[in-house]
Amino acid sequence: MSKKLFDEFPDVSSKQWKQKIQADLKGADYNETLIWHTNEGIDVKPFYHADERNELPPISESKASTLKICQSIFVANTEKSNAKAIDAISRGAEAIEFVIPTQDISVERLIKNIDTASTPIYLKFQHLFSDHIKASSFDNNIVAQIDIIDHLARTGNWYHNLKDDHNHFEAIVKQTNTISVDMALYQNAGANMVQQLAYALAHTNEYFNHIQNILNENKKQSLEVIFNVSVGTNYFFEIAKLRALRELYSALATEYGIHTKCQIHVTPTKRNKTIYDYNTNMLRTTTECMSAVLGGANRITNLAYDAIYHKDNEFGERISRNQLLVLKHESYFDTVDNPSDGAYYIESLTSQLSEKALELFKDIEANNGFLFQLKEGKIQKKIRESAAKEQTQFDAGEQVLLGTNKHPNPDDKMKQNLELYPFVKTNPVKTLIEPIIEKRLAETIEQERLKTE
């Protein structure tokens, strides 16, 4: 076709569109009426236009067609966890994450009869796993993960102490050539997206500073960095957050001469989940998983609708897995590798989140780095302030959770259904630093409702 479609229609500039909108507003202020101000300090406009960009954005490296549906399994019993993994694979899981809490778990028995060539296995250790390294062979499809900084931030203490933890970490990286960075904690504790990205980058930089002298050039170019990320229901912003994470990581890795591609593992956030009107959680996790796919996640572990108040159960896990199967195989989310590329709104959000996060990262590095600021309590303070702001918005009804702070069902009863304690737990132990505490927005409302049932 030599003639372009719609040549008879003249181009309309962004300035002309704005003039037309202002005329239609009939005197109302454009900025006050149509500009949305976010907690990240980004002003969202009513429209975005090609003439606002000097050049076309680069093509992203994300590949939705290679997305893996992951099943996460907490290992309390080796044989039962192995059987559960095999069953999940038969029902559509394409990757398995085993969460291993203690040293006495046999990895060989855990992966027995699993074809690791077709189903990648991720071992997420909650302890320093030197013994497992000696006893196990980790091939390309069996990935060991541990994050000593996340453990410090989450619990307030090292596993042992700073020196021993870093010595173990060094041995683990030499053996596995993998670094795991868990940035989900920051989101679930209430950090805004700029903070999440900046803290993840500074968190990673602490590891890069430590390993740069122990890895030769060949090792650096094959080093695998895995980000564990939580996403919420701010649909387009979460897409942009994942895209910005790849951009920021690539820039940081380039400075160290490290392989610039990273792996992103996404799980829906717990922060906006509720115990009342709990089926709404399925709607929330569906849009969150959609954001993850469009943002370029490598694998997604969905959160069961009842995960915050029920023990693991077959029904909840099957429904959460089926949500991903529907997105991938019936909604065709795996047919286009980079579906969000070129969308002016998403590209603008990606750029702004990247720029603001990079600015905050540079400030952290200029003030002695991430670990120092954790020990001083500055990171915790900033997250608390962000969480308090979001909580105030929720309490005022500006942030809505249907069935909880808007349109609640007064006949909904939950007291007899709680198998797990769904609220913040206090554990008065001595800690080296103040831990970062995850907290859901609906906790106070829910506690009050439970008292009156």
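1. Let me begin with S62, which touches R246, G296, D337 and N338, leaving aside residues up to four places away in sequence; contact here means heavy atoms within 4.5 Å. S62 sits in the loop between β2 (43-44) and β3 (68-74). With a relative accessibility of 9%, S62 counts as buried (buried is under 20% relative accessible area, exposed over 50%, partly exposed in between, using a 1.4 Å probe and protein chains only). Its side chain also makes a polar contact with the side chain of S60, at 3.4 Å. A polar contact is a pair of N or O atoms within 3.5 Å; within protein, one must be able to donate a hydrogen and the other to accept it, and residues adjacent in sequence count only if both atoms are side-chain atoms.

2. A word on the source: this is a predicted model, in which local features need pLDDT of at least 70 and side-chain atom pairs count only at pLDDT 80 or more, while totals for chains, interfaces and linings use all residues. Residues are numbered from 1 along each chain as its sequence is written, and side-chain values use heavy atoms, with hydrogens and water left out.

3. D147 caps the N-terminal end of α6, with a side-chain oxygen 3.3 Å from the backbone nitrogen of I149. After α6 comes G156, with a positive phi near 90°.

4. What lies on the buried side of α7? In this helix D165, H166, F169, I172, V173 and T176 are buried. Seen down the axis of α7, they fall within an arc of 120°, so they line one face of the helix; the arc is that of the directions from the helix axis to the C-beta atoms. Helix α7 covers residues 162-176, 15 residues, and reaches 21 Å from its first C-alpha to its last, close to the 21 Å expected at 1.5 Å a residue (the expected span is 1.5 Å times one less than the number of residues). N161 caps its N-terminal end through a side-chain oxygen 3.2 Å from the backbone nitrogen of K163, and α7 is followed by N177, whose phi is positive, near 55°.

5. Now for a helix pair. The axes of α14 (residues 344-366) and α15 (residues 369-376) come within 7 Å and cross at roughly 75°; axes are lines fitted to C-alpha atoms, for helices over the stretch in contact, and angles run from 0 to 180 degrees between N-to-C directions. The two helices are therefore roughly perpendicular to each other, a label for angles of 65 to 115 degrees (under 35 is roughly parallel, over 145 roughly antiparallel, the rest oblique). D363, I364 and E365 in α14 meet G369, F370 and Q373 in α15.

6. Finally, two loop residues. K26, in the loop between α1 (14-24) and α2 (30-34), has a positive phi near 55° without being a glycine, and at 74% relative accessibility K26 counts as exposed. H407 is not a glycine either, and has a positive phi of about 55°; at 60% relative accessibility H407 counts as exposed.

Methods:
Helices (H or I, at least four residues) and strands (E, at least two) are DSSP runs, numbered from the N terminus.
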